[in-house]
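Me: I am new to this structure and would like to learn how to read it. Please take one feature at a time, with the general idea before the case.

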Amino acid sequence: MRRRRPLLSTALATAIATAMIVPAAAASAPSANLACSGASDTDVAIGDNTTVESPITIAGCASAPSATSTVPVKIVHTYIGDLLVSLVAPDGTAYPLHSRTGGSADNIDQTYTVDLSSETANGTWRLRVNDNAANDVGRIDSWSLNLGGSTPAGDFSVAVSPASGSVAAGSSATTTVQTQTTSGQAQTVQLTASGLPSGATASFNPASVTTGASSALTISTSASTPAGTYPVTVRAAGNTAKTATYTLTVTSGGGVQIPDIDITAVKQHLTQFATIASQNGGNRRSTTAGYRASVTYVKDKLAAAGFTVSEQPCTSGCTTGAGPNVIAEWPGGNASNVYMFGAHLDSVSAGPGINDNASGSSALLETALVLARTNPTMLNKVRFAWWTDEEQGLNGSRFYVAQLPSTERTKIKTYYNFDMVGSVNGGYFINNINSTQSAHMKAYWDSLSLSPEENTEGRNRSDDASFTNAGIPASGYAMGASATKTSAQAAKWGGTAGSAFDPCYHRACDTTANISDTHLNRAVDGIAYTLWKSAVGGSPAADFSVAVSPNSGSVTAGSSASATVQTQTVTGQPQTVQLSASGLPAGATASLNPAAVSTGGSSTLTISTTAAAVNGTFPITITAAGSVSRTTTYSLTVTGGSGGSCSGTNPNDVAIPDAGAAVDSDLVISGCPVAPSARASVAVNIRHTYIGDLTVSLIAPDGTAYSLHNRGGGSADNINQTYTVDVSTESANGTWKLRVRDVAQADVGTIDRWSLDLNPAV
């Protein structure tokens with residue numbers, strides 16, 4: 001489910017944007033212009049909730065701009081669903097290029113075609129980028145403008161394949177740097193790498209190539225290279241400079257490979273906990289059916305993975321009717337050295353408790369499941385716990401510690417606690433940060449240059465207190481609750497100063513929208529790092545990576561595109577993987593030759609389209625399935641086809657429960673070639689005996705809600721109305737939803753049908 005972050009009010013966002021625009025005079029001079037084209041390779045930082053510009057001046061162009069002018073754009077950003085990107089002409093006219101599409105995908109590397117035939121060529125053109133949400137930053141890396149409708153002369157691209165790799169400290173990783181001439185004549189480019197961790201070096205063979213050729217990049221690490229994940233920038237410099245990113249993961253030396261935990265899998269658990277809450281009165285309080293369903297979900301997952309799992313009833317000190325603790329142990333390891341990892345499973349009664357604390361529970365659950373899948377040799381015993389009744393006074397964990405015999409208490413060398421590890425405006429906090437038991441947790445976050453702080457807000461407020469009060473060493477991660485982020489913390493970590501770390505703390509809005517993927521990902525990877533460093537003595541099972549090069553292509557309907565799918569063994573022995581492609585648009589098919597490869601080998605992906613294929617850009621998922629499944633994405637753009645549709649209707653009935661959860665009716669728009677209108681129309685037909693009970697909203701593909709009906713109409717029957725909505729900032733293609741909720745008792749109804757027209761005739 002898409003991450004949602006609190007947005008500033010329009011007025012405040014405008015004020016900040018105005019203050020942060022980079023004036024043309026302050027920017028470095030752009031690259032030299034060639035007649036009707038130009039380029040800028042000057043980096044411009046994109047801060048949270050700011051608008052910035054990068055200028056290019058065109059002078060001496062003797063012709064009018066083309067209707068097929070091109071704008072190649074490269075933006076480095078960790079969440080492109082935050083971004084609005086426009087080309088601003090010398091007269092101030094703005095041409096939208098990118099409107100918050102792509103969700104949580106990283107980076108924009110795309111060439112846009114724009115009709116500029118009504119503009120004057122000469123003058124200062126600007127690439128304007130607006131980041132309109134918190135938690136993610138980036139930079140304009142480079143962009144070009146060609147008013148003649150073709151790519152500027154003498155240009156090239158650079159890519160790495162595979163785009164990521166994992167090595168134990170003291171060993172090396174290799175990848176291929178591929179260059180390609182995209183226009184004009186081939187040129188010689190020099191290759192360099194930056195962003196390497198300490199103790200690591202990079203070498204290219206050869207160090208310079210003629211575009212169209214490739215080079216082998218070898219990154220060598222030392223035994224002292226800190227564990228962590230590092231984005232290494234590969235730069236090719238010729239007439240202009242182009243960059244590509246190789247993601248290097250360094251694990252501990254000595255042959256112990258620490259896995260990267262899949263954030264998508266963690267979020268699937270979050271979604272399940274949200275569903276459990278919605279099906280059980282809206283919360284997972286320890287005394288409710290929602291909590292008991294959460295226990296069942298966790299227990300079933302662990303038992304299926306091979307854990308020894310038990311429910312521990314809290315027979316004293318807990319709220320009457322509270323459900324049990326869940327305790328799970330993984331076989332193997334020295335039973336006299338127990339490292340225990342825990343999180344509370346219950347929520348408050350006000351809401352589903354997704355950050356507090358499905359985030360900690362889900363991160364812990366997925367780490368446990370990865371431990372089971374990799375099945376490494378264990379040096380020490382690992383025990384997991386999901387606590388009951390924490391929100392009522394740390395009661396479940398206190399009961400667990402109280403009933404432990406003294407000999408069992410001494411076996412627990414450290415207890416690690418994880419409470420609220422996905423706060424949307426989060427910080428990076430560690431319990432007892434300077435203690436011996438916190439060393440691994442701090443080392444991992446230090447490797448990411450996060451500069452964590454002591455968790456003063458959470459002291460004695462979560463389950464680690466039950467252990468420290470009994471003399472058992474404890475630590476843990478947290479991202480903050482209701483305390484306010486300071487200006488110094490915002491400067492260090494990003495986010496909004498003067499606002500709570502979690503604005504939905506103990507509120508109904510603590511839903512799956514109340515999660516920062518970045519914080520959650522850094523927490524769960526730190527949990528895995530700490531567990532493996534504390535208790536694992538062997539390597540995980542065989543693993544591999546998959547990448548596609550090039551990672552995008554454009555075809556005219558009726559023709560084909562091809563790319564190379566490259567696999568690489570990253571741990572263990574090579575294995576055979578089956579390759580498949582999904583997410584193809586109507587009128588397109590995919591073939592892989594060969595369809596199965598041994599990791600380290602490659603396959604040719606061919607995507608063929610018919611003349612009836614739908615126009616648009618489609619993310620194609622390439623899956624390699626072996627002992628585990630790994631995926632990569634190829635972006636296919638289809639032009640000259642049927643053009644798709646900007647409207648649609650869902651005629652299927654959806655029952656609206658009385659005073660119940662919201663229901664959705666979905667409508668998929670695909671192949672719409674234009675941006676949505678400021679006067680899009682939504683025709684709604686709802687049968688209901690008391691429409692004053694109803695709230696009705698249009699939900700865009702990115703999750704933004706547009707209110708249509710808010711309990712108006714009193715005791716009137718039925719809604720049969722067409723609403724006009726400004727959705728001009730949205731991406732047209734994707735799944736739109738009509739969301740209806742009955743918020744009072746005694747009346748029921750049905751969504752009969754609804755229609756959406758994103759570009760109605762005015």
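Me: Which hand does the disulfide of Cys314 and Cys318 have, and why?
Reply: A disulfide is a covalent bond between the sulfur atoms of two cysteines. Here a pair of cysteine sulfur atoms within 2.5 Å is taken as one. Cys314 and Cys318 form such a pair, with their sulfur atoms 1.9 Å apart. The torsion about their S-S bond is about 85°, so this disulfide is right-handed.

Me: What kind of model do these values come from?
Reply: The model is predicted: local features need pLDDT of at least 70, side-chain atom pairs count only at pLDDT 80 or more, and totals for chains, interfaces and linings use all residues. Residues are numbered from 1 along each chain as its sequence is written, and side-chain values use heavy atoms, with hydrogens and water left out.

Me: Are Cys314 and Cys318 buried or exposed?
Reply: Buried means under 20% relative accessible area, exposed means over 50%, and partly exposed is in between (1.4 Å probe, protein chains only). Cys314 has 14% relative accessibility and therefore counts as buried. Cys318, at 18%, counts as buried too.

Me: How many disulfides does the rule give?
Reply: The count is three. Another of them joins Cys504 to Cys509, S to S 2.1 Å. With -115° about the S-S bond, that link is left-handed. Cys504 is buried at 11% relative accessibility, whereas Cys509, with a relative accessible area of 28%, is partly exposed.

Me: Which parts does the pair of Cys36 and Cys61 tie together?
Reply: For the elements, helices (H or I, at least four residues) and strands (E, at least two) are DSSP runs, numbered from the N terminus. The sulfur atoms of Cys36 and Cys61 are 1.9 Å apart and form a disulfide. Cys36 lies in the loop between helix 1 (10–20) and strand 1 (37–40), and Cys61 in the loop between strand 3 (51–58) and strand 4 (69–77), so the pair ties together parts that are 25 residues apart in sequence. The torsion about this S-S bond is about 95°, so the disulfide is right-handed. Both ends count as buried, Cys36 at 16% relative accessibility and Cys61 at 7%.

Me: Which residues have the most contacts inside the largest nonpolar core?
Reply: A nonpolar core is a set of buried Ala, Val, Leu, Ile, Met, Phe, Trp, Tyr and Cys residues joined through side-chain atoms within 4.5 Å. The largest one has 63 residues, and those with the most contacts inside it are Phe307, Phe341, Leu371, Phe384, Trp386 and Tyr477. Helix 4 (residues 354–374) supplies the largest share of this core, ten residues. Apart from it lies another core, of 30 residues, with Ala680, Leu708, Val725 and Leu756 among them.

Me: What does Ser697 touch?
Reply: Contact means heavy atoms within 4.5 Å. Leaving out residues up to four places away in sequence, Ser697 touches Tyr706, Ser707, Leu708, Lys737, Leu738 and Arg739. Ser697 lies in strand 40 (residues 694–699) and, at 18% relative accessibility, counts as buried.

Me: How many residues of helix 5 are buried, and what covers them?
Reply: Six of the eight residues of helix 5 (residues 395–402) are buried, and the helix is mostly covered. The buried ones are Asn395, Gly396, Ser397, Phe399, Tyr400 and Val401. What covers them includes strand 21 (334–344), strand 22 (380–387) and helix 6 (406–411).
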